[in-house]
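Please have a look at the structure before I go on.

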Amino acid sequence: MQYINHTTYDKRALTALNYFAGKTIQKKKTAISRTFCIVMGILGLAAGLTLLFLAHEKQTLAALALLYGVLFLGVGLFWTQFQTWSSKRMMMQNVKHCTFVFDEEGVSMENEVETTHYLYRRLRTVAENKDWYVFFMDAQHGFALDKAGFDSVNLKAFSRFLEEKLKHEIITLDDTVKNKPKESRYKEKKR
């Protein structure tokens with residue numbers, strides 16, 4: 001049996017990939033990084049405002065502290081969007097569309113640049129929501145499949161096929177991923 005999927009790697013796909021990473025395989029790193037950025041942003045803003053109002057001769061330093069505060073706070077608050085932007089910059093320029101073929105041995109991925117084959121045992125974490133499947137080999141490497149990219153496939157049958165081949169459950173995340181997800185509304189649960 002083969003399952004074929006066509007996914008376009010646009011902002012939606014990269015946002016889904018980064019959102020799922022932050023909720024599964026990079027959950028601890030994401031929490032630490034976001035917290036660090038938010039704390040540094042608050043400290044930068046506090047230091048900048050303090051210098052601005054108490055040390056009038058240090059206005060350049062105050063402006064610099066305020067700037068760093070705003071930057072850190074922005075990155076911390078909009079972490080998924082920042083990670084999506086970063087992923088887009090790191091992705092190969094010519095890769096826009098990927099075709100995935102799932103068979104008995106593993107999954108093959110073909111795009112404009114190359115064809116790659118992964119055995120199922122290499123897929124460490126698999127998660128889904130109503131719109132996406134996301135697969136991770138490790139904390140830095142993964143791919144997203146748009147569920148709408150399947151050609152008339154029973155998605156429940158595909159999920160059962162994956163769980164049989166992977167020998168572990170698929171993590172189900174409760175909400176949809178949009179271009180600007182509100183992360184506090186998402187809850188993680190096991191299927």
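This is a predicted model: local features need pLDDT of at least 70, side-chain atom pairs count only at pLDDT 80 or more; totals for chains, interfaces and linings use all residues.

The charged end of Lys 147 sits over the ring of Tyr 133, at 4.6 Å from the ring centre. Tyr 133 also forms an aromatic pair with Phe 150, and this pair is edge-to-face, with 6.3 Å centre to centre and 85° between the planes. Since Tyr 133 lies in strand E6 and Phe 150 in the loop between E7 and H5, the pair ties together parts that are 17 residues apart in sequence. Phe 150, for its part, is buried as well, with a relative accessible area of 9%.

A second pair, Phe 135 with Phe 143, is stacked, the centres being 5.0 Å apart and the planes at 15°. Phe 135 counts as buried at 0% relative accessibility, and Phe 143 counts as buried at 3%.

Ring pairs link these four residues into a cluster whose members also include Tyr 3, Phe 100, Tyr 118 and Phe 161.

Turning to the nonpolar side chains, the largest nonpolar core has 38 residues, and among those touching the most other members are Phe 20, Phe 100 and Leu 162. Helix H1 (11-23), strand E2 (97-102) and helix H5 (155-166) are among the elements that each supply at least two residues of this core, and the largest share, 7 residues, comes from H1. In soluble globular proteins, nonpolar side chains tend to be buried together.

Definitions and conventions
Residues are numbered from 1 along each chain as its sequence is written. Side-chain values use heavy atoms; hydrogens and water are left out. A nonpolar core is a set of buried Ala, Val, Leu, Ile, Met, Phe, Trp, Tyr and Cys residues joined through side-chain atoms within 4.5 Å. Buried means under 20% relative accessible area, exposed over 50%, partly exposed in between (1.4 Å probe, protein chains only). Helices (H or I, at least four residues) and strands (E, at least two) are DSSP runs, numbered from the N terminus. Rings of Phe, Tyr and Trp (its six-membered ring) pair if their centres lie within 6.5 Å; planes under 30 degrees apart count as stacked, over 60 as edge-to-face and the rest as tilted. A charge sits over a ring if NZ of Lys or CZ of Arg is within 6 Å of the ring centre and within 35 degrees of the ring normal.
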